[in-house]
Amino acid sequence: MKNRSLTIFQPQQKLDPKVRVAFIGGGNMAKAIIAGLLKHGHDQQNILVCSPTQTTRNAIVDEFNVRVHHSNSAAVSFADVIIIAVKPFVVPLVCEEIQPLLSENNNANASNANTNNKLVISIAAGIKQQTISQKLNDASPVVCAMPNLPTAIGKGLTGMFTPVTTDKSYIQLADGLMNAVGDTVWLDDEQQMSTIVATAGSSPAYFFLFLEAMEKAAINQGLPKDTATKAVLQSAMGAISMAMSSQLDFASLRRQVTSPKGTTEQAILAFQHGDLDELVANAMDSAAERAKELSLG
Ligand SMILES: NC(=O)c1ccc[n+]([C@@H]2O[C@H](COP(=O)([O-])OP(=O)(O)OC[C@H]3O[C@@H](n4cnc5c(N)ncnc54)[C@H](OP(=O)(O)O)[C@@H]3O)[C@@H](O)[C@H]2O)c1
């Protein structure tokens, strides 16, 4: 489900499997996106991973059978889209390394300078789009993206930001790529990225916590563990599927299954007495605040 208030552009362009995608960094998040791209049918030969450590490269070849290289410069010569997937503190170093090559590429394509540059997508948490653009000497269009972990199974949510001046073709390309591994929301203000972290980046853990609590309560009421796990999981999946396929908002869906004086009403009242809304708001405020603290610029 899209959050319309955080959305400026929803092109839903399908990713062309011929698009050449290079990852700088072959860690957890790069692997999650690669897994999603391959699941979506992207050609292995059109994916390159640049990582300095031989064991990382070997593991990536074993797991995905994609191309690998030790040097980040290979990313620039190979790809249409370069995804910076290193830890935030490594980003300045990577930008310094690839900037001259990106500028060279632009000069070679000077006649089509607005639409023939390589697109750079940074997934590094807390590094602003403008910072990366400046470090790259404006040699490439830059999109900042904040994917979450379900990206690995093609069910991710990625918050995306780029200035309004970025050519639409690059926005479509970035959107198509991240849509191959889930869904996207485009932000009209990069400050909203900390809310995306609190709402999507961290939230798989909130849902796991809730599943854990429900499973424990069901076991305490006497269900065997396997039965409790199955009942909790299948009900969560059913509720999410209903919410995704319904036109109704969450509160209306809740009211639909809450008959007056019934069992659900008793549970909802108990949640409300515990001020679930405030608890959730506090938890998400803490996550967003931490995201701002960790922001490097
Ligand atoms: N994990 C998440 O849920 C998540 C979600 C959203 C965004 N992010 C962002 O994604 C980025 C990557 O996170 P991660 O969890 O995937 O990190 P990670 O598992 O630690 O992976 C980092 C990778 O960067 C590589 N690397 C280090 N220095 C390099 C250099 N100079 N050139 C090229 N590659 C280099 C490492 O290579 P070697 O292994 O070869 O040493 C490693 O493969 C971070 O900026 C993070 O903020 C993560």
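**Exercise 1. Determine which side chain meets that of Lys225 in a salt bridge, and where the two residues lie.**

Step 1. A salt bridge requires a side-chain nitrogen of Lys or Arg within 4 Å of a carboxyl oxygen of Asp or Glu.

Step 2. Lys225 belongs to helix H9 (residues 225–245) and Glu215 to helix H8, so the pair ties together parts that are ten residues apart in sequence. Helices here are DSSP runs (H or I, at least four residues), numbered from the N terminus.

Step 3. Glu215 has a relative accessible area of 18% and is buried. The classes are buried under 20%, exposed over 50% and partly exposed in between, with a 1.4 Å probe and protein chains only.

*Basis of the values.* The model is predicted: local features need pLDDT of at least 70, side-chain atom pairs count only at pLDDT 80 or more, and totals for chains, interfaces and linings use all residues. Residues are numbered from 1 along each chain as its sequence is written, and side-chain values use heavy atoms, with hydrogens and water left out.

**Exercise 2. State how many salt bridges the whole structure holds, and describe those in helix H12.**

Step 1. The search finds three salt bridges.

Step 2. Glu289 pairs with Lys292, the closest N and O atoms being 3.5 Å apart. Both residues are partly exposed, Glu289 at 43% and Lys292 at 46%.

Step 3. Glu293 pairs with Arg290, with 2.7 Å between the closest N and O atoms. Glu293 is exposed at 55%, whereas Arg290 is partly exposed at 45%.

Step 4. Glu289 and Lys292 are three residues apart in H12, about one helical turn; Glu293 and Arg290 are likewise three residues apart in H12, about one helical turn.

**Exercise 3. Identify polar contacts of the ligand, and state how much of its area the protein buries.**

Step 1. Around the ligand are 24 residues; the closest include Asn28, Met29 and Val86. A residue counts if one of its heavy atoms lies within 4 Å.

Step 2. Polar contacts are pairs of N or O atoms within 3.5 Å. Ligand oxygen atoms lie 2.6 Å from a polar side-chain atom of Thr56, 2.7 Å from one of Thr53, and 3.0 Å from a polar backbone atom of Gly26.

Step 3. Alone, the ligand exposes 920 Å², of which the protein buries 77%. Accessible areas come from the Shrake-Rupley method with a 1.4 Å probe.

Methods. A polar contact is a pair of N or O atoms within 3.5 Å; within protein, one must be able to donate a hydrogen and the other to accept it, and residues adjacent in sequence count only if both atoms are side-chain atoms. Helices (H or I, at least four residues) and strands (E, at least two) are DSSP runs, numbered from the N terminus.
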